Amino acid sequence: VTGPVLPRRALLAGSLALGLARPAIAQARPRVVVVGGGFAGAIAARALVRLGVEATLVDPAAATGAGYVACPFSNLVLGGLRTMADQRFGYDGVRRAGVTVAALAATGVDATARRVRLADGTDLPYDRLILAPGVDMNFAALPGYDAAAAEILPHAWKAGPQTERLARQLDAMPDGGTVLMAVPPVPYRCPPGPYERASLIAHWLKTHKPRSKLIVLDAKDQFSKQRLFEEAWKALYPGTLEWVGQSLGGRVTEVDVAGRTLVTEFDRHRGDVINVIPPQRAGAIAAAAGVADRSGWCPVEPVGFESRLVPGVHVIGDAAIMGAMPKSAFAAADQARVCARAVAALLAGGAPATPKLANTCWSVVAPDYGISVAGVYRPGPTGLLTDIDGAGGISPVGAAPAVRVAEAAHAASWFDGITADAFG
Amino acid sequence: MPPLAGRPADEIVTAMRAFRDGSRPAVLMDRIARGYGEAETAAIAAWIAGGGR
């Protein structure tokens, strides 16, 4: 772990100025650049400012008032329970909090010179860099499914136009149609997200096109909150939602866009609407900065989330390899707060405190029906975040309806809280 | 969910203890509280009592 980096000029000026008034440059506050204005980046930048550190948040989404589109709760848009407008958050609150916002894409990182290159060719110098780039779809991982294919068969795994496209396709589908979903192997953003989406599409079909069917083709046999989802599906969506795990031939091996067909190991499935959630990797700036490994994700140490590959660069949120902690917005926000404190400590010449982190992932499977999985984490002996034994776990199976109602309300409260923390 | 910021520290410590040992019914907080010991709970409670920022 390296200490704070002061500009050479400042050290020189400081030493020459002994006994005199200190020159202004020696008093310059350390600068942190945060790339990526999602939950991790926005919350990290705001936490840094509260800790007295100058923070610049870099995200092209800040160029317009429409701003960031939140992924959590975007499945509720597909379920007809929310509108896209409810998912949009501008960056005015981030600016009001004292964060400098650069509304441009970051295109490169020079970790030796400690500069981030922006899309307009200018450079932002930093003392420490935090990358929070989220995920990119890995269009090389599933034969037949590239960026052009996603314009026809949406992934909707980044909320925005993709979500709207999928909602429009569901709306245009005749009653009695078949909806297909392809679910990737782990790791990917939001482990229970595909199953929440399946639940809410089934809810929408049941409400608006009751003769239709949803088939979920999954590359795995086990998934997050499985017993809770299966309990809900049995009660709410029999005959509407069918889940096919890997061992029953659920793994999609190829996408035939022109034929509107998903190819599995044993079969071909034709769909009227097809939602392909492809494998993912860290957002592109991670590879450009050299912080992503061959897996496509970013190894970090578990105390301040500094890259194991590039000193002075921290990676938080979905892009990072966080051990037992899942790729969720809740987790990203907690990592952001921990990382901001660690970065502030390092810049002040100190050492970061050993953190404890928490996560809760709620899934809404129907109106007034929520379920959750929680965990508490600490740095473990393997150098990754590890579960604290005895803590966390899923909502009770077979719980009373009042518990499901309460958890749906908790989910909504959490969404209001985290969006206020990030963008309010 | 009711906001916690500014609640008295002893109230938070008592609630967390009850969530941890299962004597207070919970939907989620029992699962979370079991991840923290007494010293950590006291630190959390002090932070919340101070406004939680």
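Guide: A:Pro187 lies in the loop of chain A between strand S11 (178-183) and helix H7 (193-208), where helices (H or I, at least four residues) and strands (E, at least two) are DSSP runs numbered from the N terminus. The peptide bond that joins A:Val186 to A:Pro187 is cis, with omega at about 0°. This is a predicted model, in which local features need pLDDT of at least 70 and side-chain atom pairs count only at pLDDT 80 or more, while totals for chains, interfaces and linings use all residues. Residues are numbered from 1 along each chain as its sequence is written, chains are lettered from A and ligands numbered from 1 in the order in which they are written, and side-chain values use heavy atoms, with hydrogens and water left out.

Visitor: Which residue has a positive phi although it is not a glycine?

Guide: That residue is A:Arg114, with a phi of about 55°, and A:Arg114 sits in the loop between strand S6 (106-110) and strand S7 (115-118) of chain A.

Visitor: How many salt bridges does the structure hold over all chains?

Guide: Side chains of opposite charge can pair when their charged atoms come close. Over all chains there are 22 salt bridges, each being a side-chain nitrogen of Lys or Arg within 4 Å of a carboxyl oxygen of Asp or Glu. One of them joins A:Glu306 and A:Arg128 (3.3 Å, N to O). Because A:Glu306 is in the loop between strand S19 (298-299) and strand S20 (313-315) and A:Arg128 is in strand S9 (residues 128-131), all of chain A, this pair ties together parts 178 residues apart in sequence.

Visitor: What area is buried between chain B and chain A?

Guide: The size of an interface is often given as the accessible area lost when the parts come together. Here the buried area (accessible area, with a 1.4 Å probe, that two parts lose on being put together, summed over both) is about 1400 Å², and carbon and sulfur atoms give 56% of it. Ten residues of chain B are in contact with 26 residues of chain A, contact meaning heavy atoms within 4.5 Å.

Visitor: How many salt bridges does the rule find across the interface of chain B and chain A?

Guide: The rule finds two across this interface, and B:Glu40 forms a salt bridge with A:Lys356, their closest N and O atoms lying 2.7 Å apart.
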